[in-house]
Amino acid sequence: MEGSSSNTYRTEEEKLVLRSKFVTIAKKYIGVPYKKKYHEPSSPEYDSDLFLDCCALVRRVQREMQDDFGFRLGPGNQAYQYDVLPECIDEQNMEEGDLVFISGTYYNEKSKAYPHNMVHVEIWLGDGEKTIGARWKRGKVQIHDSYQFKAESYHSMKYHFKSIDSWLNGICKSYCDEHKWERDKPIGRHDSKYSIFSIKSTCTTTTTTTPMDKERKNYDDEEEEEQYACATSDDEDEEEDTKDFKESSKVSNNMKDTKQESEDYPRKQLETKTNNEKNTNEDCTSSPQKPVAAIQAKSSKKVSPKKVSDLHHNPSKTFFIGGKNGVAIIENYLSKHGLKRTEKDEFFFLKWTEVKRNINYNAFDPSVQIVNHIQKIGCMTTKVGLVKLLRESDQRNKSNKKYLRSSEFFMKSYIISNLSEYNEFKRQYKEGEIWICKPSGRNQGKGIFLVTSLEGLQRELSDRKCPKMKIQERIIQKYIKKPLLINGFKFDIRVYMLIASTCPYIAFYHKGYVRLSCVPYTVDDLDIHAHLTNQFVQRKHPSYKEKKEESVMDFNQFNEYINHHVGEDKSISHDWVFNEFTDKMKSIMLTCLKGCMGKLDEKPSTFELLGFDFMIDENMKVWLIEVNINPALHTNCHVLKETIPPVVHQTLDIELEIFNKRKKRTKLGQLDCVTTMEPLYNGFTGANFTT
């Protein structure tokens with residue numbers, strides 16, 4: 001890379017200005033064509049003074065702002081740009097100017113696989129899913145309505161959302177242990193066409209030998225600065241404009257281009273055509289490599305149309321699991337039901353992944369597949385999303401006297417990443433109050449801290465020694481100073497909501513468990529272990545191992561404790577946990593569900609298992625803390641071994657029954673498999689939970 005300035009940590013306001021400028025400069029390149037070789041000599045694009053592909057656009061914009069950023073971005077392609085941005089974030093936390101990267105596997109057997117299989121990058125506009133980028137080989141830089149699209153030259157697309165916060169703070173270095181992206185010698189004012197990066201490649205690369213190849217030793221060890229451009233295709237070619245760089249070598253390749261036709265997935269036809277064009281475009285050299293993809297194109301003959309199931313194991317009998325959360329429970333259940341686990345995440349009947357960006361919704365076919373995430377669920381599962389959702393819901397129902405207002409179950413909150421709300425919070429803050437500050441899209445208690453003064457808040461937000469604090473969106477919420485305690489320890493309650501369908505909406509409640517801290521609670525002690533009951537936080541405490549079994553209660557134990565130690569003192573009914581308390585949680589969950597109706601992507605065969613976290617204060621009032629996507633399915637203690645599997649089993653039971661009923665065109669009324677789940681809402685029957 002071209003170097004990095006000394007760290008310059010900027011305020012959120014300064015970052016917003018730079019983000020806006022970054023996007024504004026990118027927009028001035030709208031209309032600049034892709035590679036010259038893809039345009040007819042008679043076309044106006046052919047004689048353009050400038051050609052930009054996806055990573056060249058990012059690079060050019062950054063270099064125009066290098067004085068603002070404090071460094072000059074190196075000439076590597078999107079894989080390099082991916083490695084020099086450390087912070088992966090959720091889609092809901094993307095801000096103007098952040099980057100969307102796409103990894104994938106080429107159909108073309110001669111297309112080179114690059115580090116992390118990165119094939120494309122676009123700039124996030126901060127307006128819904130809109131991005132700006134150079135996507136098509138005969139296209140131009142343009143604004144796209146969504147970052148998601150169907151590529152003809154690669155499959156298994158995965159979306160990776162990266163914050164540019166480190167760039168905004170003047171930091172540009174590789175965060176990848178495998179790829180250091182270091183030059184052998186410093187670069188002067190002008191780039192040399194012989195400049196190189198040093199990289200440890202895991203791929204064996206075959207190239208046409210040229211005199212320059214001999215000077216540069218071997219492509220495996222030292223790559224020409226533009227070598228990391230992708231192999232020729234319609235939306236992942238990487239090329240800098242011809243004004244800044246000149247061609248370093250010309251490699252002739254006979255490329256076979258396999259295209260995937262857009263028929264109903266997974267019934268797609270594969271057609272192969274020979275593309276014997278020389279790679280003479282300026283800036284980039286392509287090096288064919290053995291394919292990663294399983295589909296091979298042979299000679300120039302057309303492959304007979306085949307179903308995907310003919311090319312791979314029958315996808316109607318397979319499932320794919322992405323990540324490590326609850327793998328054994330999911331795999332054991334599905335295997336017992338006759339399904340076989342596959343490692344091919346593009347061919348499956350059921351897919352269960354930790355994050356929804358690993359689902360290609362453009363290729364997803366709900367008539368033959370099931371996936372475990374609903375698009376746009378972040379409106380409820382991020383901290384900022386939930387605050388906005390409840391505010392909007394309150395506004396829509398302000399004349400509805402039966403509506404449960406968020407002030408009845410959700411503590412006062414401000415979105416402090418919004419400057420006006422931050423200023424409003426500072427005006428309203430009173431000395432001696434305790435608030436809790438949370439990053440919007442993180443889990444496991446990461447990035448959370450208590451606030452006991454305005455000075456302390458500012459110090460935490462700008463602490464240079466805590467880069468994890470630099471989160472784009474944050475809320476600050478009034479802290480429950482006097483929670484109900486169990487034997488002197490703070491606790492919260494995790495329960496589950498399954499959104500089994502969004503067309504129509506069908507949702508269920510499932511009881512969960514109680515999580516206790518390892519440290520006795522006192523408002524004067526700011527030890528995070530006394531205040532955050534999340535097990536990820538608690539297990540770091542020295543006493544966790546010996547207290548692990550005691551740190552979790554099932555609902556029967558919880559109910560018994562309330563009956564014997566709380567009920568009489570608080571004048572509540574016997575079995576309050578299974579009656580008033582459970583009803584209150586269901587009412588709150590239903591309010592959240594109804595608030596997001598119309599916001600979620602209402603597509604069949606998608607579902608979402610959510611973890612709702614609640615607390616109870618000393619007056620027995622129930623408070624919603626947060627809603628979690630991908631709730632932990634670990635079973636590291638006796639209570640969890642008894643609690644978690646039924647939640648997963650019921651979820652899969654219900655989804656399979658709904659899928660089969662849709663397939664048979666049977667009405668989605670009463671579901672036969674429901675045992676431990678409790679109905680919360682059914683849009684088909686009109687059934688609605690009521691207390």
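1. By the rule used here (a side-chain nitrogen of Lys or Arg within 4 Å of a carboxyl oxygen of Asp or Glu), the count comes to 21 salt bridges. This is a predicted model, in which local features need pLDDT of at least 70, side-chain atom pairs count only at pLDDT 80 or more, and totals for chains, interfaces and linings use all residues. Residues are numbered from 1 along each chain as its sequence is written, and side-chain values use heavy atoms, with hydrogens and water left out.

2. One of the salt bridges joins Lys586 and Glu678, with 2.4 Å between the closest N and O atoms. Lys586 belongs to helix α18 (residues 577–596) and Glu678 to strand β24 (residues 678–682), so this pair ties together parts that lie 92 residues apart in sequence. Helices (H or I, at least four residues) and strands (E, at least two) are DSSP runs, numbered from the N terminus. Lys586 counts as buried because its relative accessibility is 7%, while Glu678 is partly exposed at 31%. The cut-offs are under 20% relative accessible area for buried, over 50% for exposed, and in between for partly exposed (1.4 Å probe, protein chains only).

3. Salt bridges that share partners also join Lys15, Arg19, Glu95, Asp98 and Asp165 into one network.

4. Within helix α11 (residues 419–428), Arg427 and Glu424 are three residues apart, about one turn of the helix. They form a salt bridge whose closest N and O atoms are 2.7 Å apart. Arg427 is exposed, with 58% relative accessibility; Glu424 is partly exposed, with 28%.

5. Lys130 and Asp127 form a further salt bridge, at 3.5 Å between the closest N and O atoms. Both partners are partly exposed: Lys130 has a relative accessible area of 29%, and Asp127 has 42%.

6. Strand β18 (residues 474–478) is mostly covered, as four of its five residues are buried. Strand β18 pairs with two strands, where pairing requires that DSSP finds at least two bridges between them. With β15 (residues 413–415) the pairing is antiparallel over three bridges, and Ser413 stands opposite Gln477 of β18. With β16 (residues 435–439) the pairing is antiparallel over five bridges; here Lys438 faces Ile475 of β18.

7. Glu560 is located in helix α16 (residues 555–565). Its relative accessibility is 48%, so Glu560 counts as partly exposed. From C-alpha to C-alpha, Glu560 and Val577 are 8.9 Å apart in space, and they are 17 residues apart in sequence.
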